[in-house]
Amino acid sequence: MKLFIDSGNIKDIETLAALGIIDGVTTNPSLLAKEPGDYRDNLKRICQIVKGPVSGEVTATDFAGMLQQGHDVAKIDAHMVVKVPLTREGIKACKALSGEGIRVNVTLCFSAAQALLAAKAGASYISPFVGRLDDIATNGMGLIREIVDIYDNYDFKTEVLVASCRHPIHVVESARMGADVATCPPAVIDQMFNHPLTNIGLEKFLKDWEKSQAVKA
Ligand code: E4P
């Protein structure tokens, strides 16, 4: 399963990319709005750091506006993926941009029916938001199961990109279900490293080693 960073913060992306385990980045207007500088320059820099798919979202809500912004986003760098919302206009824009060979990530997906529409429109990625579903007492991971099953039934090429991940369990469950990608805020990727037995075990190994060296000295 691919692991993407869900952030527009250059420093965080640089730090995590240096680990060598990051496959791509997703951004959204809320994330980019928090960062200083021009968003196009920031997206370009992110592409140079990660050298994998980087999603940049349109803010237009009409078909023509989405197409125009989609072309602008795609021109930033060859790694750019155009993100469009799962609306009627967004699905039309997805079909048109995908037809031109531009990769599209359809975002704000909250149902299997919506995911089916995105696949039919040729989306490269569908982004179901599991955390926001959990927030309203609906099982976010249940939606991932449904989408993976549906896409497998028809061999759709659209990749299931699990979004709005709030903790490592979302990532582990995504991998168990065969989702293609999980995109996580930097804090969730950090949490994935943590296990108290790793820290305790390492501390003991190092202490034992130090003791043995002291005896030999
Ligand atoms: C995905 O592409 C979105 O940027 C993101 O995962 C939204 O997550 P949130 O619900 O934590 O804002």
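Q: With which residues is glutamate 159 in contact, leaving aside its neighbours within four places in sequence?
A: Contact here means heavy atoms within 4.5 Å. This is a predicted model, in which local features need pLDDT of at least 70, side-chain atom pairs count only at pLDDT 80 or more, and totals for chains, interfaces and linings use all residues. Residues are numbered from 1 along each chain as its sequence is written, and side-chain values use heavy atoms, with hydrogens and water left out. On that basis, the partners of glutamate 159 are Lys2, Ser124, Tyr125, Ile126, Asp180 and Val181.

Q: Which side chain does a polar contact of 2.7 Å join to that of glutamate 159?
A: A polar contact is a pair of N or O atoms within 3.5 Å; within protein, one must be able to donate a hydrogen and the other to accept it, and residues adjacent in sequence count only if both atoms are side-chain atoms. The side chain joined in this way to glutamate 159, at 2.7 Å, is that of lysine 2.

Q: How many of the residues of α11 are buried?
A: Buried means under 20% relative accessible area, with a 1.4 Å probe and protein chains only. Helix α11 covers residues 196–216, yet it is hardly covered itself, and the count of buried residues among its 21 residues is zero.

Technical notes. Helix = DSSP H or I, 4+ residues; strand = E, 2+ residues; numbered from the N terminus. Expected span 1.5 Å × (residues − 1). Buried < 20%, exposed > 50% of the residue type's maximum accessible area, 1.4 Å probe, protein only.
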